[in-house]
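Hello,

Here is the structure I said I would pass on. My notes on it follow below.

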Amino acid sequence: MCGIIGYIGNNVEQKLLKGLEKLEYRGYDSAGLCVLRHGNFYVEKSKGSVEKLREKTCVKSEFGLGIAHTRWATHGKITIENAHPHFSSKGEVALVHNGIIENFEELKSALEEKGVYFYGETDSEVAAKLLSGRLSLKKIQNLVKKIKGTYAFAIISKKNNSIYFAKNKSPLYVAIGKDCSMIASDPSCFVGACDSFYPVDDGEYGKLDLKKVVFIDKHDKVVLKKSKKLDIDYFVDGKNGYEHFMLKEIYESKNVLGNIIQNYSSPLYKKLLEKVTEIDFNRVYFVGCGTAYHAGLIGQRYFMNNIKKDVFCERASEFSYQNRILDQKSLCVFISQSGETIDTIASLDYAKRCGAKIVSITNVSYSTIACKADINLPIFAGPEIAVASTKAFVGQCAVLFLLSKVLSGQNYIDDLVSLKEDLDFGDDEKLKRFAKKLASEDKVLFIGRGFDYITSLEASLKLKEISYINSIVEPSGELKHGPIALVEEGTILVVLATESELFIKTINNAYETKSRGAKLCLVTNQIVTETIQKEFDYVFKVKNTTSELMPVQTIVLLQKLAYYVAVTKKTNPDKPRNLAKSVTVE
Ligand code: F6R
């Protein structure tokens, strides 16, 4: 979380602001920039979005050098003092930071004892206070030796014309353009200015000048790196006429399925899937966070249905704290849209140390997780800008489906082709009517069995994260074991029932809440009799597809429902409160 950028070239303020706009998905609590011109700093900071910073910034079309930051608060409140850049005691060094300095309290106390004054509460300010005067690679080396934790730093001084940097476990990339140099948390910032980029590796630090960069590794040796081509097509952005990225991205699910079908039918990606079949394993772990974890639960079911092995699914934030069998015979599948989620990276490192084989399913091919995995299976979803993950979930489920089928020697692509053709986003007017009702509620309950339970988990997460409604999920059969106590007159119960063998059981569970005052909404692909129709206040029929792919068919409708609830409540679905897209702190 937090996004950093540095730029050397013409129109420096404009380039920094444009870069920050691209990085805003990483946090939008505050933003700030610092530009060095003629030996002086021009500094601007604002609370809230980059747009607010833009309003304040005096944009000059001149050559210059600068750094900027968009913040997702960890240490310290959302104030101007805590907004980056942070400054050394004499104000001649400015620094932006993404990550967490774990030993900051110890470092801060030692500095305070020496009489150093701190204007804010952040861990990042400590790093700035450890620097002074003219910067050098030696000073950066000393800085990183003192710091424990995660960081991507971009640092400038009034006395140098370079941007110094260092990286450990927070993403950082450098690019050299025709007439500029850039450094950023995400290569999307380089589009339009540079054709290629260099990933900075953990433990590396260095110095960026106009059209020149020096990388030093953790053993203090100069490293020569090969640049990677910037895939401009991947970064095509804009809302394409949609009011929000989220809605655009929900509709893009169809393209994601199309991309997966096309790519995984090609020899290159078929081979990649087949490579997984060559791994000798007797146990599988799916690991991810949030939506990616829910995709893992779907993957777990696919594997349980298709291959006869022990299959587990765990949240990355818990994975390395459990005692379990994890060895050379374990296959670990790490699922992450961004490929940068720190808990997932930590779990991957842990699994590697235990000797497990690592497969990743990511949307960003240059990401840390994709690069660390033995085999990376891309989901080809294109950039997902809205904080709430939508099309990536569809892509993750589709790739997991393919993987389970390949591992069980089955033909797999036709089912996905039918799903793509039939993908049904629901009746807008009907969805909006129900969304209006939900928008006035404080709480909502979701129930389902089997795959429907997992889809409910994901639908409920979407609803709570963008509309802030207290949304609870229970497997249908669990209601009577406690949660039914929550049902009172008017409580909304959303019932997912797409598996024919489980349909009547779930419907009966819904009736049990109806007799206690609940208002019922049914989402199903099954035949709805007149009796059922009468009992349910809202019914959404979804198109039928192979039962294993029903979660995808159902979720796109429920993603849209959550979207309409947020729009009705006038909460911003693209930038929900307290959240950031890329979670790079534990
Ligand atoms: C929810 C959401 C998050 C992410 C989670 C993992 O809509 O977006 O729950 O799924 O933070 O992120 P990735 O997939 O990037 O590892």
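This is a predicted model: local features need pLDDT of at least 70, side-chain atom pairs count only at pLDDT 80 or more; totals for chains, interfaces and linings use all residues.

Lys108 is placed over the ring face of Phe118, 5.0 Å from the ring centre.

On ring pairs: the count comes to 23 aromatic pairs. In one of them, Tyr151 and Phe153 have ring centres 5.1 Å apart and planes at 15°, so this pair is stacked. Tyr151 counts as buried because its relative accessibility is 7%, and Phe153, at 0%, counts as buried too.

The pair of Tyr511 and Phe536 is tilted, because the planes are at 50°, with the ring centres 6.4 Å apart. Tyr511 belongs to helix H17 (residues 500-514), while Phe536 is in the loop between helix H18 (530-535) and strand E25 (538-541), so the pair ties together parts that are 25 residues apart in sequence. Tyr511 is partly exposed at 23% relative accessibility, whereas Phe536 is buried at 4%.

Ring pairs also join Tyr285, Phe312, Phe319, Phe334 and Tyr350 into a cluster.

Lastly, helix H19, which covers residues 550-569. With 20 residues at 1.5 Å a residue, H19 should span 28 Å, and its end C-alpha atoms are 29 Å apart, which agrees. Of those 20 residues, 17 are buried, so H19 is largely enclosed by the rest of the structure. Lys570 follows H19 and has a positive phi, near 60°.

Regards

Technical notes
Residues are numbered from 1 along each chain as its sequence is written. Side-chain values use heavy atoms; hydrogens and water are left out. Helices (H or I, at least four residues) and strands (E, at least two) are DSSP runs, numbered from the N terminus. The expected span of a helix is 1.5 Å times one less than its number of residues. Buried means under 20% relative accessible area, exposed over 50%, partly exposed in between (1.4 Å probe, protein chains only). Rings of Phe, Tyr and Trp (its six-membered ring) pair if their centres lie within 6.5 Å; planes under 30 degrees apart count as stacked, over 60 as edge-to-face and the rest as tilted. A charge sits over a ring if NZ of Lys or CZ of Arg is within 6 Å of the ring centre and within 35 degrees of the ring normal.
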